[in-house]
Amino acid sequence: MDGATPTFLIIGGGLAGAKAAQTLREENFTGRVILVSDEHAHPYERPPLSKDYLLGRAERDSVYVHEPAWYAHHRIELHLGQPAVAIDRAAREVRLGDGARLPYDALLLATGAEPRRLGIPGTDLAGVHHLRRLSHADHLRGVLTGVGPDRDGDPLVIAGAGWIGLEVAAAARSLGVPVTVVEPAPTPLHHVLGPEVGEVFTALHRDHGVSFHFGTRLQAIHGRDGMVAGVLTEDGRRLPARAVLAAIGATPRTSLAAAAGLELAGEGGGIAVDAALRTSDPRIFAAGDVAAVALPEGAGHRRVEHWANALHSGPAAARAMLGQRVTWDRVPYFFSDQYDTGLEYSGWAPPGTYDRVVWRGSPQDVAERRFIAFWLAEGRVLAGLNMNVWDVTGPIQALIRSGRPVDEKALADPDVPLASLIED
């Protein structure tokens, strides 16, 4: 392609890919920008799929990253409904499902992740759902808002008490749908937040009528006339069900990268990238849910699936594709809304990495779900969650970045400004 118009190719129709395309134009890149997505919808954001869009409170157009006309106006060539099936690194081409071949000078893989399957009998029944794509949300929305079968007495059974499972549980309960959650861990979000804060979410959802079965998994889904009618758990419980949502996590979509011989990360999966979001091929980059970024001092790779990661890593990768200096070191960030409770989580502190949880707020504040929780290791803040307490994300992330031990008594005292704990 020497002497030809430079071409930057993006594979993935989510937030990371769309924001990368936007950034290329904002940075005055005048070459070809091609965006390929195996979905027919224009690039969209995923958080509304388990919140307002699922509830029927938001229209379809509201989830789009840009208005459809934006792409033509900014000369972004869209190939929608077309999977990328192979990367020819030697020829610097990507082959699509229809046989078309697209050239690239730089390639961004923003292929995201796909929901894990239950892998149990009965998953082929009508009424078994996943929630990752707009089409998934459309199907589940029909069930929750009454377009589906009229079986109001049976609950929605959710396999998994992670973020998606809990947000869908909250949406369903707000619509009056009975909900049963089956989770193998002892608390919701156990592998993210640990048992201490996980118990807060147990109480929150039980207060709204959600039934939990901890310490077990679904063993089979039973049907009647081809429709979901109930489930069997590993501990022998038979539970009625109007529908089943598999919310047991997501797997990074790395098959395209693997077939091309790109390096993959070990634990946690994903495409291995350096701090500039560059893969083992210097012309290929990765961003969003699929990217596993190298940690400092050879401490492995970390893959983050949250919205903020896609929002910021797509533009960062675009700048790296343009040859700009990029160092990806953002503190992971996530937000969630469940019932009348809003929260933000910054950092990374799964069980086994922390030795203490410090609560900022009285026991009454915690009971009323108005507090900040900090996860510490040897006095250093690894992560913080603010629930119904706002405008504190900046200082929480500053505490995490500082890496310095803090005064735990002051950290727990709401009358001590967080910013004062960061000052030298």
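Is E27 buried, partly exposed or exposed? In this predicted model, local features require pLDDT of at least 70 and side-chain atom pairs count only at pLDDT 80 or more, while totals for chains, interfaces and linings use all residues. Residues are numbered from 1 along each chain as its sequence is written, and side-chain values use heavy atoms, with hydrogens and water left out.

E27 is partly exposed, with a relative accessible area of 31% (buried means under 20% relative accessible area, exposed over 50%, partly exposed in between; 1.4 Å probe, protein chains only). The side chain of E27 meets that of R319 in a salt bridge at 3.3 Å, N to O (a side-chain nitrogen of Lys or Arg within 4 Å of a carboxyl oxygen of Asp or Glu). R319 belongs to helix α8 (residues 307–321) and E27 to the loop between α1 (15–26) and β2 (32–37), 292 residues apart (helices are DSSP runs of H or I, at least four residues, and strands runs of E, at least two, numbered from the N terminus). R319 is also partly exposed, at 29% relative accessibility.

The structure holds 19 salt bridges. In the one between R369 and D207 (3.1 Å, N to O), R369 is buried at 13% relative accessible area, whereas D207 is exposed at 55%. A network of salt bridges links D38, E39, R46, R133 and R253.

Strands β22 (residues 333–338) and β23 (residues 341–347) pair in the antiparallel sense over six bridges (pairing requires at least two DSSP bridges between two strands). Y333 has S346 of β23 as its bridge partner. Two residues separate the strands of this hairpin, where Y339 takes a positive phi near 60 degrees.
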